[in-house]
Amino acid sequence: MALVQRALERLGTPTVSVTVARDITVACRPPRAVFVPFMMGHHFGVPGNAELQKTIILAALRLVAEARRSGEIRDLPYTWNLARRGAYTGES
Amino acid sequence: MAPSEQLRPDLWTTVNERYPGSMIRKSDAVALATLGVPLERARLCFVSSAGVQPIGTLPFDVAHPLGDFSYRTVPSNAVPSDLEIHQLKYPSAGATQDLNVIFPIERLQELVAAGRLGSLTPQFFSFIGYNMDPVRFERDFAERLAAAVHAQEPDVALLAPA
Amino acid sequence: MSLNHLMQASAAGDDAALIRYVRLHLGDGNEAGGRAEIDKAWIVALKALLPDPPTDYAFVRKLVAERDLATLAHLFFYVHFALVAASETWIHDGTL
């Protein structure tokens, strides 16, 4: 995916990705990414938590406006354990 | 606060040991494109490698040992019941309950309705991340998909690798 | 294993590397799991034939006689997944 992201940014579209594999993202160097320490396949959180899903989308998009350095990876302040226990509702 | 560790550590190394040569590494930085409008007016395109596709389109080929180098368009006004997943290589249990955990199409629609985002491109894009030919992926597929996304004229693109 | 490495293994006659890749692909990155999945596909296939149901042997003959080896090889991978998915303990059950 990072290769698609890099190609798209080169065409002039600002991009951001959401990753759960920080080391792979470091290696592939997409222009911007936010990292969440979630289970693979659950990048936007847990089933039924619409607020967390929206919060992660907005946090990712915020980085598009704020990033000044290509390759920045912003760590978001969530944990999988708390997400699974139903935390992070009502944040957006 | 120190960043949390990823749940499965050393994924790049693990995958590269199992599938030598399949993992890429890039050292050069791509110049940042500029967001030309505030998010509240921006038109967003979403791109996923989770194998999500409209029911009735040719299922992604999860059997071929080299992978599938095609993508599907997903109308941004679709609802989850219009869509299905054809990809085996990630835990899809959560997505089966609520597609938005990997393909947050309803959340993006809601953010537009709430005025937090300007609009969505007519089409989103989806493919499967598993493939064993990184050279073909980079030179052909990534360029082809990026051009298709760009043709939707997004102001910003959100991407989620599965 | 990338295509480049698979081509090198093929050229060098390194069958151990090739079958390891097949097992990893069919076993979601778990070589022992992939070997078990291959066995399971054959068990499912055999069990499906034990009641001696009618089958379309003419279709099978025609398909194998008329289609190219690459298409048959693709089908072979595809049928593996189809057979294992028909069992109740598929490794690709969404939980990994």
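Predicted model: local features only at pLDDT ≥ 70, side-chain atom pairs only at ≥ 80, totals over all residues.

Visitor: How are the rings of A:Tyr78 and A:Tyr88 arranged, and what are the distance and angle between them?

Guide: For a ring pair, look at the centres and then at the planes. Here the centres are 4.8 Å apart and the planes of A:Tyr78 and A:Tyr88 stand at 80 degrees, so we call the pair edge-to-face. The pair links distant parts of the chain, ten residues apart. A:Tyr78 sits in the loop between strand S3 and helix H4 of chain A, while A:Tyr88 belongs to the segment after H4.

Visitor: Let's turn to charges. Why might two charged side chains pair?

Guide: Side chains of opposite charge can pair when their charged atoms come close. Over all chains, this structure holds 16 salt bridges. One of them joins B:Glu110 to A:Lys54, with the closest N and O atoms 3.4 Å apart. B:Glu110 lies in helix H3 of chain B and A:Lys54 in helix H3 of chain A, so this pair joins two chains.

Visitor: How accessible are B:Glu110 and A:Lys54?

Guide: B:Glu110 is partly exposed, at 31% relative accessibility, whereas A:Lys54 is buried, at 14%. The two also belong to a network of salt bridges that takes in A:Glu51 and B:Arg107.

Visitor: What distance separates N and O in the salt bridge of A:Glu66 and A:Arg74?

Guide: That one is 2.8 Å, N to O. A:Glu66 is partly exposed at 38% relative accessibility, and A:Arg74 is partly exposed at 26%. Over in chain C, C:Arg23 and C:Glu31 form a salt bridge with 3.9 Å from N to O. There, C:Arg23 is buried at 16% and C:Glu31 is partly exposed at 28%.

Visitor: Which charged residues lie over rings in chain B?

Guide: Here you check whether the charged end is over the ring's face. B:Arg25 lies over the face of B:Trp12, 4.2 Å from the ring centre. The charged end of B:Lys89 sits over the ring of B:Tyr130, 4.5 Å from its centre. B:Lys89 also forms a salt bridge with C:Asp28, at 3.5 Å from N to O.

Visitor: How many residues of chain B and chain C are in contact?

Guide: There are 23 residues of chain B in contact with 20 of chain C. Between them the chains bury about 1900 Å², 61% of it on carbon and sulfur atoms. On the chain B side, B:Arg18, B:Ala63 and B:Leu88 supply 28% of the area buried against chain C, more than any other three residues. Across this interface there is one salt bridge, and twelve residue pairs are in polar contact.

Notes. Residues numbered from 1 in each chain as written. Chains lettered and ligands numbered in written order. Heavy atoms only, no water. Salt bridge = Lys/Arg side-chain N within 4 Å of Asp/Glu carboxyl O. Helix = DSSP H or I, 4+ residues; strand = E, 2+ residues; numbered from the N terminus. Buried < 20%, exposed > 50% of the residue type's maximum accessible area, 1.4 Å probe, protein only. Phe/Tyr/Trp six-rings, centres within 6.5 Å; stacked < 30°, edge-to-face > 60°. Lys NZ or Arg CZ within 6 Å of the ring centre and 35° of its normal. Contact = heavy atoms within 4.5 Å. Buried area = accessible area lost by both parts, 1.4 Å probe. Polar contact = N/O pair within 3.5 Å; in protein donor to acceptor, adjacent residues only side chain to side chain.
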